[in-house]
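Student: Here is a model I would like to go through. Please tell me what each term rests on.

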Amino acid sequence: MSINSALTMAVNALQVNQTAISIVENNVANMNTEGYSKKRVNLGTRCIDGAETTDVYSIASHNAGVQITSISRYADEFLRSYLRKEQSGLSFFSTESEIANHIVTILDEMSGTGANSLAISLDEFYSAAANLQQNPTDVTARTDYIEKANNFTILLNSKYRDLNSYRTSLVGDGTEASMQASKLADNVNKANALLEDLAVINKRIISSGTLNSAGNNLYDQRDAILSQLASQINIETSISENGVASVSLDGLDLVKHTTVVGKLTMTAHYNTADDVRVTIGLEDQYGVQVQTDINDRIQGGSVGGILKMGGPSGVNLTVQNSVDMLDDLAAGFAEVINGIQTQGWIEQPDGTYIPDPNATEFAMCIGKDSEGNTILASPLEKIFVSSDEHSVINAGNISVNSKLRTNTSGISAALVTASSSDFTNTVEIDGQTGIQYTLTDESERTLVGNGKAMGVVLNTRNSTQNVRLKNLSPEAFLMSGISAIGVQAESINNQDEAQASKVESIETQLLNETGVDLNEEMMDMVKYQQAYQASARIFNACCDILNVLINLGA
Amino acid sequence: MLSRTTSSQMSNSLVKYMASTQGKFNKLSTQLATQKKITSITDDAVAAKSILSAKREINLYNGYIKNMNNAEYELKAVNDSLKGAKVQASRALDVGLMAANGTYSDTELNAFKQEIDGIIQNLTNFANTNYAGTYLFSGAAILTKPYSLEDSPAQTFVDNGDGSYTKSVKDEDGNLTTYKMVNTGTEEAPVWKTTVTNPDSSTTTRDTEPNDWKIENSKNIVYNGSNDKRQVVIGAENLEEDISIIGSNLFGQGTVTTSAEFNPETKVMTGNVNTTGDVGVIASLTKLSSAIEISDMDAMYSAIDGIQKGLDHIAESDTKIGISLNRFDTLREAYDNNITNLTSLKSSLEDADLTSLIAEWLQSQYALEASYSLSSQMMGISIMNYM
């Protein structure tokens, strides 16, 4: 082996160790970079022609020192793929949990104040009914009854509004503009941007080698994109030998090599029977719609969570389920109370009431006859109406009849046993408008202390015969609904926590395999530093020998 | 394969542990501030359901108790009226018995009559008791004054003291006609003439007719209230309690008719008093008053029986009210017990045990501080320290 050969070997070793130190340095620098995988320099004997022999002298004379065979990246594709799948699940549950908790916060039945608790508001209403039962002619008791009913409707309206606007913020209200402003749109757009980014990274991976650090960094970027994508939607990934990632969603291709072949699209649906406000579809790279509705296929990620919780009513908890529960409460409660308010009376197309020939009990409010006596009179109005007075009552539009708020004598507190022939409509009722009946018997019509209708109202605290309320009392129905929401929300929270633990465990395992250990890097640095110093000494020794030889010649 | 523990993983684990400890600390701090274990239904949905259920039942029982309390005030007002009525009726009974023993003079009997008339007025006032705008004995007709006393027609006969007599007749419209009988003959051979003064003040004089010596009075005790009872809900399954005593059952109603004739020779008024209708204590007293006036002993005894029965009715109503108030007490006690049990259940589910909570909170605080310290030290340990 010549001196030149030794000198070349030393120079080469210096370069190799310098590169190795720079890799260590890069590892240390990125030790806290999310998604970074530790890189490692693989060294090999640097062979030149004739080195392939078993002769040790020949090997020594022909080998030319050390070389970097590859810069490898610590990676476990199986684990990473598993993590992505579970991350998708975690993102799904986290989104569900966030939405479920927000629903619970809006309904807020544990806080215990009449200002935000429907149960307490209902209790106050029944308290007022009990007071009115005992004091049927008392104006204050009547005002209290109607105002407590009004408070309940205002609270229902407020919660309905909050839930509905929350659902709109999630998936829009069915119109294009609100859909584009929704959280779902943000997530879908982000997913599409990530698909584009992945296609670009794939291109760069193809054009880059894996021997250098830059190539490995592209893998890190690719994995980071895939991880973010998995947080948005459920994806399947396949990595080719050259490191290019292809992505599909439930068998539908999204990214193939360097092309986005399936981009997510959204279509708004307004006021449909099934109440699906948005459908997600797919369009290919040419902008052609290839799938119109893949909602059922999106079962993971934030998009899946939003679609589920912002979707229509179903067995599981959704925002709409909560709205429906409030709607049933409002409609059922209004039917029950209005039923008592107008019991025995048939509403005519013009809004007036006539006695039902088949009825035996008749609800009565109070009025004054032409002589100024307070008498029982037929009801003119329902207690609860929709805000526009002709729509079907729901939690959003339920309101107390404004006419009864200004004239509380129209509240039916009495319930008399009579037949339709016992009434006359010739008596003028002071302070009220419309055709009103009173009892023909003069002594019967003065029974204004009759508070039996309020007794019937109070008995609805035990049970009702109302389908919307499932034959429960309004309070029991509310409690049952709130509890069901609470149980489902808690279950979602538990699933979220369990999934978070699972993901954390996988992440820990992955970090242990692919992450940077500072001590390990320090050891490598010392090792490469010493090798570098040794190579430098050999280089110096060779230089000294060469100097001696040159001087000898001189 | 030897497991690696990377710096990032260690850092992540420590941060997550710190976050978890911090989260627990925050939750305990919230529980300490609110003194409640469950602040949201998602904390423990099953427990939250029980809490909501307990709250609902507590509200329900409180509602029943409130109803009973309000009803109790009204029943106590009824009770007070009944006590007053009982005292008055008892006195009337005594007076009646004295008047009926036949040993008192006309003047004294007249005093008894005056007293009875006063008692009639007092009892009528008790029957018309108004409590907070509600007539207590009107049943459901709470705005209708239950009792009115009507004289129809009102006829009186007065000995003028100068040998002449005056009969006054007031018709339904209040128009007064008087008949003054004067003896124009001698005491042995009397010739009676009657001067009639009409409502328009015109007078005519004619021979006295037999009818001029007769009076006929009809006094109506009219109940204007209702027989419909007022009720209040005091428990589940439509449990209701009457909160009104029907006045007609207690004070009665009816008509007292007095027919009497004056004999100018004997100067004695004789006649009889009859009653029709349900009768009752007020009508019996009216009968007694009229009977004393015309000295109708049979009617007096009959009236005394009626007063005794009236007293029995008052005592019966008093007992009924006592039973109602006792039932309220029993139910209230039961409801209070239920409320106590439910409150205890709610508290056990909802309220935080301060002692254990503070201990847990302090423990959590130490754990949090330890995790900070441990993290700081662990992150500081490196092979670089030894190089």
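**Helices, strands and the chain contact**

Tutor: In chain B, helix H3 passes helix H5 in a left-handed crossing. This is a predicted model, in which local features need pLDDT of at least 70 and side-chain atom pairs count only at pLDDT 80 or more, while totals for chains, interfaces and linings use all residues. Residues are numbered from 1 along each chain as its sequence is written, and chains are lettered from A and ligands numbered from 1 in the order in which they are written.

Student: What makes the crossing of H3(B) and H5(B) left-handed?

Tutor: The near helix is turned anticlockwise from the far one by less than a right angle; clockwise would be right-handed. H3(B) and H5(B) fall under the left-handed case. The helices themselves, residues 106–127 and 281–294 of chain B, are DSSP runs (H or I, at least four residues; strands are E, at least two), numbered from the N terminus.

Student: Why is H3(B) called roughly antiparallel to H5(B)?

Tutor: The two pack at an angle of about 160°, with axes 9 Å apart. Angles run from 0 to 180 degrees between N-to-C directions, and axes are lines fitted to C-alpha atoms, for helices over the stretch in contact. Under 35 degrees counts as roughly parallel, over 145 as roughly antiparallel, 65 to 115 as roughly perpendicular and the rest as oblique. The angle therefore makes H3(B) roughly antiparallel to H5(B).

Student: Which residues make the contact of H3(B) with H5(B)?

Tutor: Among them are Phe112(B) and Ile116(B) of H3(B), and Leu285(B) and Ile292(B) of H5(B). Contact means that C-beta atoms, placed from the backbone, lie within 7 Å. The residues divide into eleven nonpolar, three polar and three charged. Ala, Val, Leu, Ile, Met, Phe, Trp, Tyr, Cys and Pro count as nonpolar, Asp, Glu, Lys and Arg as charged, and the others, Gly among them, as polar.

Student: How do you know that S9(B) and S12(B) pair?

Tutor: Pairing requires that DSSP finds at least two bridges. S9(B) (214–223) and S12(B) (253–263) have eight, in the antiparallel sense, and Asn217(B) stands opposite Thr258(B). Ten bridges join S12(B) to the antiparallel S13(B) (268–279), with Val256(B) partnered by Thr275(B). S12(B) and S13(B) form a hairpin with four residues between them, and Lys267(B) in the turn has a positive phi of about 55°.

Student: How many residues does each chain give to the contact between chains A and B?

Tutor: Chain A gives 48 residues and chain B 50. H13(A) supplies the most on chain A's side, 14 residues.

Notes. Contact = placed C-beta atoms within 7 Å.
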